Amino acid sequence: MSSLVVENLSIEFGGVRAVDGVSFAVEPGETFAIIGPNGAGKSTIFNLISRIYEPSNGSIHYGERNLLDVPPHRVVNLGIARTFQNIDLFEQATVLQNLLVGRHSRMSRNLLRDFLFIAGARAREREHRRKVEDIIDLLQIAHYRDQKISDLSYGARKNVELARALCAEPTLLLLDEPASGLNQEETDDVSFWLDDVKHDLGVTIVMVEHDMGLVGRVADRVMAINDGKLLAIGTPDEVRNNPDVQQAYLGIPA
Amino acid sequence: MQIIFKTSYDQDINILSKRGEYIRVTLLIVSMLAAPLFLDVYYLSELGLLLVYAIAGIGLMISTGFTGQVSFGHAAFLGIGAYCHSILMTTGVPFSVSVVLTTLFCGFIGMLLGRSASRMHGFYLAVATLAFLIIVETVIGEWTSLTGGYAGFLVPELQIFGVYLPEIWQQYYVDLGLTLFVVWGTANLLRSPTGRAFLAVRDSELSARSLGINVEWVKIQSFGISAAITGIAGILLAHHLAYLSPETFGVLESLKLLLMIVVGGLGSITGAIFGAIFVSLLPVLLSLLRDVLPGAISQQAGLEPMLFGVIIVLFVVFEPDGINGRWKKLLHFFETFPYYRKASFVRQKRYLKTERMR
Ligand SMILES: Nc1ncnc2c1ncn2[C@@H]1O[C@H](COP(=O)(O)OP(=O)(O)OP(=O)(O)O)[C@@H](O)[C@H]1O
Ligand SMILES: [Mg+2]
């Protein structure tokens, strides 16, 4: 198992320092939450780890590998999968197709072989389908397996996106606000699933989340940031009681 | 709602899973095979041409309908296919070898175009593919020693394995054989990782990338296979035309191909086929229109391209799912009769993406 080590990470957007010298490490098997007010730079940290943005400074290592040497489409091959804050599914495809694309990093692909559907194509499809069905069972989304994403409700989309990330069999999962826009009941479901994912699949989780209730329940450690700068790292209670955090994040003067 | 009980993963892997679909396609193929028995030479030749356009439509569908990369340049691949094949056959290369070489050559040019296209989006892509088309048309027109230039080029007679095939029905079977091959192969693509990667790139490059898809390479591949298939259509078209000239493969032809897939329905093989049927009936429609319109308008030179444009716009606005969408609704109506409700196809809700990154 590998740990994620981020050191002195920075990025600027036209003079705005969205992330400013942030360092943290996530141990294997841990659930690590990132909190902070709107525009603090949380999603930007995820986008840096998935190599969508190029940092102006700092380093990101996952295990032995230096992530900055890896092109964006190779990040998942190291075992890092993610979800997006605004849900980014393949709209015109079915749930099943979305999940099968989730298996992409585990599939070999050859244009001519696929065109002729030869050399064990059917056997391979079956095998990946079985893996996808395991995830479908885990997240209990079997009833909309054949639906188009554009016909799904918001909550269902959230589940499908999580399922799609899990299909890549990640060792590290980046979840950008898994409970945003969900009602209390759905949020409870999310916390159960996160437990399953953690214990059954042994996945390390890094999540951005505003719902402090959820963070308190599932996170082992929490990092608070504001204006791109690190405020505090520690257990959920430590961070909640940190005066800097209260002032910046909760707006309560210390 | 119609419920299909699934008992095996193979039902999702098979190209035709519903029984109704299976029966319809079998009937269609059988009647296509039997067509020479009851169609006269003129209609048989028209039907062959329709198949050629279906192949071209499927070619364009792969890059535009499946991968989401619009192309105004696909008539160029028809042209390259037609000329390359005719030139090769004139120099004595056998038909089958020429088909393979021409297809590969078109695929290669397609990949080159895809390489430049992989960094462009929307409007820029449209302009770049249009520029490509104009360059190809010009090269074909000016390279007189090879192509005969604007004077034209005589296509050698159809001859396979040394046997001349002068009859229309023989040519029709060649068209049909290649059409079936292309449809089958494209359906295969769609049920395997490559096809899913195409759809993924169309719907979200960001997600595709995060799941391990090399977006640039997928676009190059998509343009490659798309161009190769359109090239096959070009080969067959050459034999239908018998005489090639560069203007045949211009902007109007490209527009016609786009018209086909938009009207037929973007994003499906059946859409391309419906589009080919529509485009084949278009001349009839056009002559009817000429009769009704006052002389001053009907004699205008630009009537045809303008009509193409108008139809494309009307479909994009009023029936984005094309004829194929209508067809699916109709089938649904019969399958679920009398429980069909108008709302069956209305989406529950739409969510807009606020933050998009490429
Ligand atoms: N591609 C971009 N171009 C310019 N500025 C950007 C870009 N991405 C992020 N920013 C800026 O970086 C800052 C941090 O944005 P980020 O999306 O990381 O915030 P966040 O902590 O995820 O906030 P929220 O809770 O609202 O999701 C913001 O000021 C944002 O405007
Ligand atoms: Mg965010």
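Guide: A polar contact is a pair of N or O atoms within 3.5 Å; within protein, one must be able to donate a hydrogen and the other to accept it, and residues adjacent in sequence count only if both atoms are side-chain atoms. This is a predicted model, in which local features need pLDDT of at least 70 and side-chain atom pairs count only at pLDDT 80 or more, while totals for chains, interfaces and linings use all residues. Residues are numbered from 1 along each chain as its sequence is written, chains are lettered from A and ligands numbered from 1 in the order in which they are written, and side-chain values use heavy atoms, without hydrogens or water.

Visitor: How far is a polar side-chain atom of A:T44 from an oxygen atom of ligand 1?

Guide: An N or O atom in the side chain of A:K42 is 2.8 Å from an oxygen atom of ligand 1. For a polar side-chain atom of A:S43, the distance to a ligand 1 oxygen is 2.7 Å. For A:T44, the corresponding separation is 2.5 Å.

Visitor: What percentage of the area that ligand 1 exposes when taken alone does the protein bury?

Guide: Taken alone, ligand 1 exposes 640 Å²; accessible areas come from the Shrake-Rupley method with a 1.4 Å probe, and for residues only the protein chains shown count as cover. The share of this area that the protein buries is 64%.

Visitor: Which element contributes the largest share of the shell around ligand 1?

Guide: There are 13 residues around ligand 1, with A:G39, A:K42, A:S43, A:T44 and A:Q85 nearest (near means a heavy atom within 4 Å). The shell holds 4 nonpolar, 7 polar and 2 charged residues, where Ala, Val, Leu, Ile, Met, Phe, Trp, Tyr, Cys and Pro count as nonpolar, Asp, Glu, Lys and Arg as charged, and the others, Gly among them, as polar. The largest share, 3 residues, comes from chain A, helix 1.

Visitor: How many residues apart in sequence are the parts that A:S43 and A:Q85 tie together?

Guide: A:S43 (OG) and A:Q85 (OE1) coordinate the magnesium ion, ligand 2, at 1.9 to 2.1 Å; donors are N, O and S atoms within 2.8 Å of the metal (3.2 Å for Na, K and Ca), and sites may look incomplete because water is not among the atoms. A:S43 is in helix 1 (residues 42-49) of chain A, whereas A:Q85 is in the loop between strand 6 (80-82) and helix 2 (95-102) of that chain, so the parts tied together are separated in sequence by 42 residues. Helices (H or I, at least four residues) and strands (E, at least two) are DSSP runs numbered from the N terminus. The separation asked for is therefore 42 residues.

Visitor: Is A:S43 buried or exposed?

Guide: Buried means under 20% relative accessible area, exposed over 50%, and partly exposed in between (1.4 Å probe, protein chains only). A:Q85, at 25%, is partly exposed. Because its relative accessibility is 16%, A:S43 counts as buried.

Visitor: Which cysteine has the sulfur nearest to that of B:C84?

Guide: The whole structure has 0 disulfides over all chains, a disulfide being a pair of cysteine sulfur atoms within 2.5 Å. B:C84 is in no disulfide; at 6.4 Å, the nearest cysteine sulfur is that of B:C106.
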